[in-house]
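Here are some notes to read alongside the structure. Please keep the sequence open while going through the points.

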Amino acid sequence: MTVQTYPDPVKLSEAAALLFKRKATEAVKKRGRFTVALSGGSSPQRLSELLASDRFRSEIPWKDVIIFWGDERFVPPDDPQSNARMARECLLDHVPVPSDQIHPIPTGGSPETAAKQYGDSLASVWNQSPLPRFDFVLLGLGENGHTASLFPETEVLNEQKKWVAPVFLEEQQQYRITLTAPLLNNARCVMFLVFGHSKAQVLHNVLEGPSQPSKLPAQLIDPAAGKLYWLLDEAAASGLVHHN
């Protein structure tokens, strides 16, 4: 695990974009493609805008990038809450990724059917692989310790076989679709982006507190055969004792 702290969200996002570019270049050189799972929430917005900017757009092999999402709210694709909509508006509408290489999570029909369909989309890219292996997974950290749509005390935290699963959040009265921990942990590289004072306590609990993944699902993410990066700003890192 690599923990890196930056002065502010701008510097953090620049570092994240540089890491994304490096991993993309390496993956395309070695395997001919760069498979990515994007995250939702506010954390990746600056990164998305930076990757779409003149500074980075021409330096990333977008035509060999294959885009998935780590999770999605079960809302229409044009809904303001949609992770796919945010990614389109901030990044994908501005870079030359072929449209058939962009795989948003379906949000029609039932959540169970949508989860199965997304599993089929993954299988179509990884063929007969027993478990897809993303080159790069982008994650955020919620104030309650969740990441992707792996929320505290939900059944999906115990899922070991399915790649994709629906989750119903009582407090929000909303379904979500999420990649499961075994799939996320099979990635070659996982990068958390965490910034702001509001994340300081939960970040300390996740990185330096006791292991209690049912309460802090982000603790589940530990790619055994991959790299794990935590990119933080100074505000988020202010509660850390051993990683500063």
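1. Contact here means heavy atoms within 4.5 Å. Axes are lines fitted to C-alpha atoms, for helices over the stretch in contact, and angles run from 0 to 180 degrees between N-to-C directions. Helices (H or I, at least four residues) and strands (E, at least two) are DSSP runs, numbered from the N terminus.

2. This is a predicted model, in which local features need pLDDT of at least 70 and side-chain atom pairs count only at pLDDT 80 or more, while totals for chains, interfaces and linings use all residues. Residues are numbered from 1 along each chain as its sequence is written, and side-chain values use heavy atoms, with hydrogens and water left out.

3. The strands E1-E9-E8-E5-E2-E3, in that order, form an open sheet of six with parallel pairing. Strand E1 (2–6) and strand E3 (65–69) are at the edges, each pairing on one side only. On average, neighbouring strands of this sheet are turned by 20° against each other, direction ignored. Two strands count as paired if DSSP finds at least two bridges between them.

4. Helix H1 (residues 9–31) lies across E1, E2, E5, strand E8 (189–194) and strand E9 (227–233). H1 runs at about 160° to E9.

5. Which strands does E5 pair with? Strand E2 (residues 34–38) runs parallel to strand E5 (residues 136–139) and is joined to E5 by two bridges. In these, Val36 partners Phe136 and Ala37 partners Val137. E5 also pairs with E8 in the parallel sense, over three bridges; there, Val137 has Val190 as its partner.

6. Both faces of E5 are covered. Phe136 and Leu138 on one side, and Val137 and Leu139 on the other, are all buried (under 20% relative accessible area, with a 1.4 Å probe and protein chains only).

7. A nonpolar core is a set of buried Ala, Val, Leu, Ile, Met, Phe, Trp, Tyr and Cys residues joined through side-chain atoms within 4.5 Å. The largest one has 84 residues, and Phe134, Met191 and Trp230 touch the most other members. H1 gives the largest share of this core, nine residues. Leaving aside neighbours within four places in sequence, Met191 is in contact with residues including Ala16, Leu19, Phe136 and Leu231.

Conventions:
Buried < 20%, exposed > 50% of the residue type's maximum accessible area, 1.4 Å probe, protein only.
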